[in-house]
Amino acid sequence: MPRGGKKKKGRNRNNTKRRDLRPTNNDGQPTKNSVKGSTAKAPFNHNGATDGITPNFDAFQQSGKALPNSYRTVYSRYKAATKRVFEYMQANSPEKNHIPREQIFVSSLVTTADWMVESRIPVDPDILKDLKFAIRVRSKVARSVYGGGDSGHKYLLDVLIYCWKNLDSLPRAEKDIIREGKEELDTNGEGRSRNRFEALKVTGEEDEGEDDDMDKEIFPSDDVPRPTLDAEAVPLQGLLDERFDCFMFLVALDDLMRCVVEKHRIVPGYADYIVEEGMCGSAIAPCLMGAAIATNMAIHQVRRLEIEFELHNPHISTPYRLLSTIMLPKRVKEVVQITREHGQNVCSVKDANLFFGDCLECSFRSPADPENRGSVIVSDFCSRFGVDGKGSEDIDKILFELQWLVKGEVPLRSELAIMEKTNITSHGWIAMSYIGGDRAIHHTIRLMQWFGSFAKETEKGKHFNVVPGFFGSSPWQPGRSHKIHTDLDELLMAEILPKLIYLCRDGVLSDKCTDLPRQNAIAPLWSCLRRFARSPEKPVRWSTAFAVHAILTSILETDKITAQVAVVCEKTFNSYFEQLDMACEYKKGVDGVFDSTHFQSHLRVVQYLKELGHPFYEPRARWNPLCAGTNFLYLTYFGNITVGTALIDDRSQLKIVLHLYHALIVNDILKSGDIPLLDWLLDGFENSRTFWGGPLPRKGKFVEQFWLGMRGSFRVAEKVMADVSRLDDTQLSNKNHLEMIEMLCRNEASVTTRLDPAEFSTSFRRICNRDYHDVVDKYHSKKMKQEGSGQDGYAFAVQLNDTSQAFVKEHGLFAFNLPALGVHLDEFVCGMSRFFKWDQLFKGTSLHDQNPRLQHPERIAEEYMFAHYVLGKLDQVMDPSELGRIKDFVTLFMYPFFEKLENDTNRFIWFRVGSTHPEWDSTEE
C-alpha cells in the first residue's frame, strides 16, 4: 500500500494469491459447556431442552429504533394514487355538480375523459403518473389472478387504460394553475413527494414515466377502443373493494416466495461446486446464509404487508376471511339472499363474508379443537339476523358443502382416499406459481391450525407426542419430495413443528429466557415461530404461515442433499464453540495473556448461543436449510460480529496488529499478500473510521490516528505525539515514559473505544439497523427501474441485491472466529513486548495504584511503547536503513508467528472461505 494509505491502481489485495485457510472437518461430538457466572435469569432445564444459565444481554441490546424502510407498501400507494385520479376526474366532470360521489359509475370516467379531450383541458402530469401506477398494479393482479375471468375488474382496467390514452394526448397543465389543495388528496396524510424512492434514484436519470420506455402490452401505442358502456351500471366504489386488496396481498406474497425459491434453488448447485473444487463441506455455510438473508428479509416484508393490509381492511383479520373474500363471492350472495327472504335483520355482504370466513376457519380446524365453533356457528348467525328454520336449514346445507369443499381443496392423508372419488380438484384456489398449486400455502395453514390445537392442549415442558404416519409415510425419507403439500406433511407435523415450537416454548427462544438481542432484525423467522408458540390456538397469521412455508420450500428445493446439509451444518456450528473452548484453554498457558472480567462476561454471551444447536432437537428441525442459515446468521451478526469485535479487541490487540501491518505496508517493509491472515482482517476493518481514528492513516499520521482510534481523545493524542518527538529508543529507563504511562492509566479516557460493526460491515448495517438510505440499483435497466418505481417488488429487489452483494464481499471476514482469533493476536502483542524488552520498563512498578479499575494496566504501557517506538519510527524515519530493529522484528518474530498460525487455521476459521460461485445472481423484480 503506498504512502497516504490508498491502494495503487491495479493492486488488489483480494487478487493476491494466498495460502489456503480452510479448516478440516470436525468429527467430534458437541462438547458440554455449561455457562457459568452472574446472570439476569435463573437456570432452567426442561427435559434436556437447554443447558446452563441465561447470560446478561443488556450491554448488547440495540439502542434506539431501527431505521424505517424508505418506502411505503403497495396498499397505501395504490389507494392514494387511485383516490387522487378519481377525485381529479370527478372535479373535471361536466356533471360534477349533479352527481353525488357515492353514485359515480365506472362509465362516468369514460364520459369525463371524452369531455376533457373535446374541451382540450390541460391535464395535471402528476395525475397521469398516478393513473399509470394504478394501471400497472391492476394489470399485474389481472395477469396473476383474474386471467380475464373477472368481468367487473377487467372492465375497470379497460376504462383506466382508455382514460390514460386520451388524457395523455392533452397539453400538460402548468404548475401554477394546477388545482389548489391537491396535497390533501393523499389518504395517508403525507405530502405528494413525486419520488418516494430517492435513495434508489440513479443520478442523471429522468423521472419515471417516459413515453419511450412504456410497456406496450399495458400502454399500447395505437388507439384504444372506447369501452362499451355496460347496460348495468357498475358503481366505482364497488370495484375499489377489499377483494382487490386481497388479490394484491396474495400477489405480493407470491413474489416474495419466488425470491425464497430462487435463493434456495442455488444451494444444490453450489454443493456440487464445492465437491468439484475439492473444498471443505463447511463452504456451504455462506451459501445458506445468503438464502437465509433473502428469506428473513421476505418474512419481514410480509409482516409489514400484513399490518398495512389489516389497517385498510380491519375486518379481514385472518387468512380464512381473506380466502372467503376471494373464493366464495357466490356463496356469500346466496347467504345474503337467504337472510333477506327468511330473516328479520339486514345482513350485508360484509357480514356474510365474515361469516363464511369464520366457517372456513372451522373447516380448517381439527374437529376435536376446543376453539372450533363449527357446531354453533350457524345457529349463532341465524339468531343474530333472525333467520327462520327454513333459512337455517339452507345455510346449514351450504356449510356442509363448504366442509367437503375444504377437504377436497386441502385434504389430509386420511381424507385423500375419500376425495379421490369426487370430482373436486385439490389446491386450486390460489392459482399462483409459488404459493399455490403444488406449493399451496393454505395447505400449510391447515396443518399449522391442526397442530395449534394439539400444542395448546400439551402442557408446557412436555414433549409433543405425534402419532407417526398420520400425515404421511413415516419416517419421512429425503429425495422423494416433488411438492410441498402431501409430500412434506409428515415431516412438518412429526418433526419440524414439534421441535421448533418446543424450542420457542421451553428452549433458548422461549419467554423464560431473555430475548436475544436483535433477533427481530436478524431472524424474523424466530419471531414468527415464537408468536405462534405463545398462542397456537389462535387463527394462523399470514406472516407465520409464510415463515413455516419458507422452511418447507427450502427443504423441497434441496431435497436430495437435505440430509448431507444437516450433517455438515451441525459440524460447522459446533466447530465455532469448540474453537472457543480451545482458545480459552490455550490462553491459560500463554505468558502475559490474561482473562479479564470484560472477556469472561462477553464470552458467556457468545457461548450461550450454542443452545441454538442443542442436540435435543431433531436435525431436520435445527438444520434444515433455512433454519441452519438463520442459525448461522444470528451466530455471525450477533455472536461473532457484535460481541466478537468486543472480544477480538478487548485488550486493543486488533488495533495494535492492524495499525502495525498497515504502517509496514506503507513503508514498503511488507507488501499486500505477505501475511494473508492480516490481509483479510485489513480488508474487513479498513472502512471503520473509529478503528483508524479517521481514514487509513498516511505516513506522519500513524501515531496520532492510532491513539485517536484507541481513546478517541485529541488531548491524549497530542501528549503522546509530543512525547514521541523528544524521546528516542536509547532512553528505555527514562522517567518520562513512566510518567506518561501513569497519566494514561489515571485518565478516564484510558477505556478503549468500542467498535461499531455498522462502520465496517455494510451487510450488518442493512440487516441489523435496516439502514438502506444509500442503496444503489446496479442490476435493473432504466426501463425496469421506471416500471418498478413505486412498487414493493422493485424496492425489495434493490435492497436485497445490495445486502446480498455486501454479504458476499464480507463473508471472508465472517469466517474468522473473532473471539478465538483475539486470543492469538493478544499472544502476538505480548510477544512483541518481550522482543523489544518493553516489559522491563514497567516491571516492579505500581501501575495498578494509578487506577484500581484497570485489571491489566500493563497493556496500556505496551500501547504507549508501541506508539512511541514502532509507529513513531515508521512515522518519522525516511531512510529504511534506520529501521533495522523493526525489520529484525518482522523477520525474526512476525513472519514466523503468523506463518505458524496460518498453518493451524482450525483454531479460528469456522467455515471455509470459498470463491464466489457464478450462480450468486442478483434478484430482479
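Me: How many of the 925 residues count as buried, as a percentage?
Reply: In this predicted model, 59% of the protein's 925 residues count as buried.

Me: And what does the secondary structure come to?
Reply: The protein has 35 helices and zero strands. As for its contacts with a separation of 6 or more, 80% join residues 24 or more positions apart.

Me: How do I read a pair of packed helices?
Reply: The general idea is that you describe two packed helices by the angle between their axes and the distance between those axes. Take helix 14 (residues 489-506) and helix 17 (residues 542-557) here: their axes come within 12 Å and cross at roughly 125°. Angles from 65 to 115 degrees would be roughly perpendicular and those over 145 roughly antiparallel, so helix 14 counts as oblique to helix 17. The crossing of the two is right-handed.

Me: Which residues of helix 14 and helix 17 make the contact?
Reply: Helix 14 brings Leu491, Leu492, Ile496, Leu497 and Leu500, while helix 17 brings Val548, Ile551, Leu552 and Ile555. By class, that contact has nine nonpolar residues, no polar ones and no charged ones.

Me: Now the largest nonpolar core: which residues touch the most other members?
Reply: Out of 231 residues in that core, look at Tyr637, Leu681, Phe828, Phe889, Met894 and Phe898. Helix 5 (residues 242-276) gives the most to this core, with 19 residues.

Me: What does Leu681 touch, leaving out residues up to four places away in sequence?
Reply: Leu681 touches Leu654, Leu658, Leu813, Phe816, Leu821 and Leu825.

Note on methods
Residues are numbered from 1 along each chain as its sequence is written. This is a predicted model: local features need pLDDT of at least 70, side-chain atom pairs count only at pLDDT 80 or more; totals for chains, interfaces and linings use all residues. Side-chain values use heavy atoms; hydrogens and water are left out. Axes are lines fitted to C-alpha atoms, for helices over the stretch in contact, and angles run from 0 to 180 degrees between N-to-C directions. Helices (H or I, at least four residues) and strands (E, at least two) are DSSP runs, numbered from the N terminus. Angles under 35 degrees count as roughly parallel, over 145 as roughly antiparallel, 65 to 115 as roughly perpendicular and the rest as oblique. A crossing is left-handed if the near helix is turned anticlockwise from the far one by less than a right angle, and right-handed if clockwise. Contact means heavy atoms within 4.5 Å. Ala, Val, Leu, Ile, Met, Phe, Trp, Tyr, Cys and Pro count as nonpolar, Asp, Glu, Lys and Arg as charged, and the others, Gly among them, as polar. A nonpolar core is a set of buried Ala, Val, Leu, Ile, Met, Phe, Trp, Tyr and Cys residues joined through side-chain atoms within 4.5 Å. Buried means under 20% relative accessible area, exposed over 50%, partly exposed in between (1.4 Å probe, protein chains only).
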